[in-house]
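Open the structure in your viewer and keep the selection panel at hand. The stops below go from the ligands to the domains.

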Amino acid sequence: MTISQNVSLKPYNTFGIDAKARYFTSFDSKEALREILESEEWKDVPRMILGGGSNILLTKDFDGLVLKNDIKGIHAIKEDDEHVYIQAGAGENWHGFVQYCIQHNLAGLENLSLIPGNVGASPMQNIGAYGAEIKDTFYELSAYHMNDHAVVNFNKDACDFGYRESVFKRQYKGQFAIMSVVYRLHKKHHFNTTYGAIEQELAHMGITQLSLQSISQAVINIRSSKLPNPAEIGNAGSFFKNPEISSAQYETLKAAFPDVVAYPLAGGHYKLAAGWLIDQCGLKGYRTGDAGVHAKQALVLVNYGNATGSEIYDLSTYVLSTVKAKFGVDLEREVNII
Ligand code: FAD
Ligand code: EPU
């Protein structure tokens, strides 16, 4: 195992922030990770597990050991009449894994096509898009406790998934390295096309017979038209969560802003479109230096080239306070601030 020093993390985060890791290495097995973390030399050094770097904002150099999870492998581990259980290594690319399932005619993840990043991070914030979240298909995961070195399996209940949330983002933050995840895919296809513009895009594509491939392609087309490609312009997707508010707060807001974009939730709550709130503040396309609010999607903050993480962070604070002043609504950052 080689541990490098003073490594630029620019190629390892989709914001393209040029922060440095004091130490950097990658591992491709649990044993390799254990060897590092149990050694006298590394056991007390601050560490961070890195996947595809598509949901982090590096606001400073990392004065510790960055461990890039490169555990690979995709296998069917069991099967019943209705399902196939597929295990994927944490270091597998998420979209590649989704395509593997589609190619094997297994349903459940097609609406989650083209989300950047790796399989290991998918449970961290219960990734979701276009009417699906991983919790709908998730079965279990295996994680390595980085302090006591135990390997622990988490089923769905133990992950306590919420909207862009799990125990790994809350009480177990920074404690576990997720090694592999098992998804329970359906042999029978139940197509989910009701969300957003999927049906419209399928019609535009001339699709008359639905398939996993056509839904995946429709999602890919919509995403590509809306979201900036990190290979061209640095970003980490939605920078903020869509805030959830009470029905009383919603009624007050609706009276003042009749066009407010909101979705009713169970229990009488509402989810607001944070992109709409930011847009209405006149911030879409706002730019300060190389940090900006994306010109086509106000929920996405971007790095036009040489922004630092703290410049992007300061911009996010400005967005938070502007939205609060106009609407009285608190936004919460979705991206992990390092
Ligand atoms: P990283 O950014 O590497 O890590 C994220 C966090 O998880 C960090 O705190 C890291 O320490 C931790 N972590 C990573 N891997 C592990 C592991 N194996 N074990 C323990 N901890 C780990 N997200 C959505 O939910 N829906 C979307 O539609 C969506 N669209 C996006 C579009 C774009 C253009 C971009 C750039 C991002 C988008 N995202 C979206 C966010 C991002 O793709 C997901 O959060 C993704 O799961 C992050 O994966 P990653 O491997 O890049 O994680
Ligand atoms: N809107 C505006 N102006 C904007 C942006 C959006 O008015 O600048 C309005 C849109 O017109 C629409 C509404 O806000 O009425 C919602 O916009 P969109 O459909 O683009 O979705 P989103 O709420 O901005 C969420 C997720 C995305 C996910 C998409 C599709 C969050 C925080 N974001 O975005 O996830 O891909 O829905 O399901 O929940 C991510 O987490 O990184 C991410 C990209």
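Which ligand has an oxygen atom 2.8 Å from a backbone N or O atom of A298? Select A298 to find out: the oxygen atom belongs to ligand 2. Keep in mind throughout that this is a predicted model.

**Stop 1: ligand 2**

Stay with ligand 2 and show its surroundings. Y163 places a polar side-chain atom 2.7 Å from an oxygen atom of the ligand, and N242 places one 2.9 Å from an oxygen atom of ligand 2. On its own, ligand 2 exposes 820 Å², of which the protein buries 81%. Now widen the selection to the residues around ligand 2, which number 23.

**Stop 2: ligand 1**

Next select ligand 1 and the 33 residues that surround it. I49, S54, G128, I178 and R223 are the closest. Then pick the run of glycines G51, G52 and G53 and display backbone atoms. A backbone N or O atom of G51 lies 2.8 Å from an oxygen atom of ligand 1. For G52 the corresponding distance to a ligand 1 oxygen atom is 2.7 Å, and for G53 it is 2.8 Å. Of the 980 Å² of accessible area that ligand 1 has by itself, the protein covers 93%.

**Stop 3: the domains**

Colour the protein chain by its domain assignment: domain 1 is 4-69, domain 2 is 74-186 and domain 3 is 234-337. Eleven residues of domain 1 and 19 residues of domain 3 take part in the contact between them. The C-alpha centres of domain 1 and domain 3 are 30 Å apart.

**Stop 4: the interface of domain 1 and domain 3**

How much area do domain 1 and domain 3 bury between them? The value is about 1,100 Å², with 55% of it on carbon and sulfur atoms. Select F15, N55 and L57: together they supply 59% of the area that domain 1 buries against domain 3, more than any other three residues.

Turn to the polar side of the interface. Four residue pairs are in polar contact between domain 1 and domain 3, both residues being at pLDDT 80 or more. A search for salt bridges between domain 1 and domain 3 gives zero. Finally, colour the side of domain 1 that touches domain 3 by class: five residues are nonpolar, five are polar and one is charged.

Notes
Residues numbered from 1 in each chain as written. Chains lettered and ligands numbered in written order. Predicted model: local features only at pLDDT ≥ 70, side-chain atom pairs only at ≥ 80, totals over all residues. Heavy atoms only, no water. Domains from an automatic or database assignment. Contact = heavy atoms within 4.5 Å. Buried area = accessible area lost by both parts, 1.4 Å probe. Salt bridge = Lys/Arg side-chain N within 4 Å of Asp/Glu carboxyl O. Polar contact = N/O pair within 3.5 Å; in protein donor to acceptor, adjacent residues only side chain to side chain. Nonpolar A, V, L, I, M, F, W, Y, C, P; charged D, E, K, R; others polar. Near = heavy atom within 4 Å. Areas by Shrake-Rupley, 256 points an atom, 1.4 Å probe, with all protein chains shown as cover.
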